[in-house]
Amino acid sequence: QVQLVESGGGLVQAGGSLGLSCAASADTRSTCGMGWFRQAPGKEREFVAGINRSTGSTSYGDSVKGRFTISRDNSKNTVYLQMNSLKPEETAVYYCSAKLSGEPWSLPRIYDYWGQGTQVTVSS
């Protein structure tokens, strides 16, 4: 079965950096795109970043452009999210996702698979 497992979450000071990793099962190699979303308590799930597995093209949410970087290693079937200059309001559960289709990237409902999430807490 398709599985996505996030890791790397934790506690970081405001202005600090944190790297997340998403390990995907072999079945996920059939997907076209992978992305990261986050959800804070009481808020809707927010698009963070997406990447096309084949071309490497990327897309970012407006609030993270210039600070976050998504990348992938297809040989390891893994997607990464490097987060820099983190802000307290970015405290959330971060989810890895995958979908069979290509663009668009920013809508949660068009993703086919989801990980369990990893907590990121940014202290002020």
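The model is predicted, and local features need pLDDT of at least 70, side-chain atom pairs count only at pLDDT 80 or more, while totals for chains, interfaces and linings use all residues. Residues are numbered from 1 along each chain as its sequence is written, and side-chain values use heavy atoms, with hydrogens and water left out.

A pair of aromatic rings is described by the distance of the centres and the angle of the planes. Rings of Phe, Tyr and Trp (its six-membered ring) pair if their centres lie within 6.5 Å; planes under 30 degrees apart count as stacked, over 60 as edge-to-face and the rest as tilted. By this rule there are five aromatic pairs. In one of them, Tyr111 and Trp114 are tilted, with 5.9 Å between centres and 55 degrees between planes. Tyr111 is buried at 6% relative accessible area, whereas Trp114 is partly exposed at 28% (buried means under 20%, exposed over 50%, partly exposed in between; 1.4 Å probe, protein chains only).

The criterion is NZ of Lys or CZ of Arg within 6 Å of the ring centre and within 35 degrees of the ring normal. Lys99 likewise has its charged end over the ring of Trp105, 4.2 Å from the centre.

Turning to the backbone, Asn77 is not a glycine, yet has a positive phi of about 55 degrees. Asn77 is buried, with 1% relative accessibility. Ser85 also has a positive phi, near 50 degrees, but is partly exposed at 38% relative accessible area.
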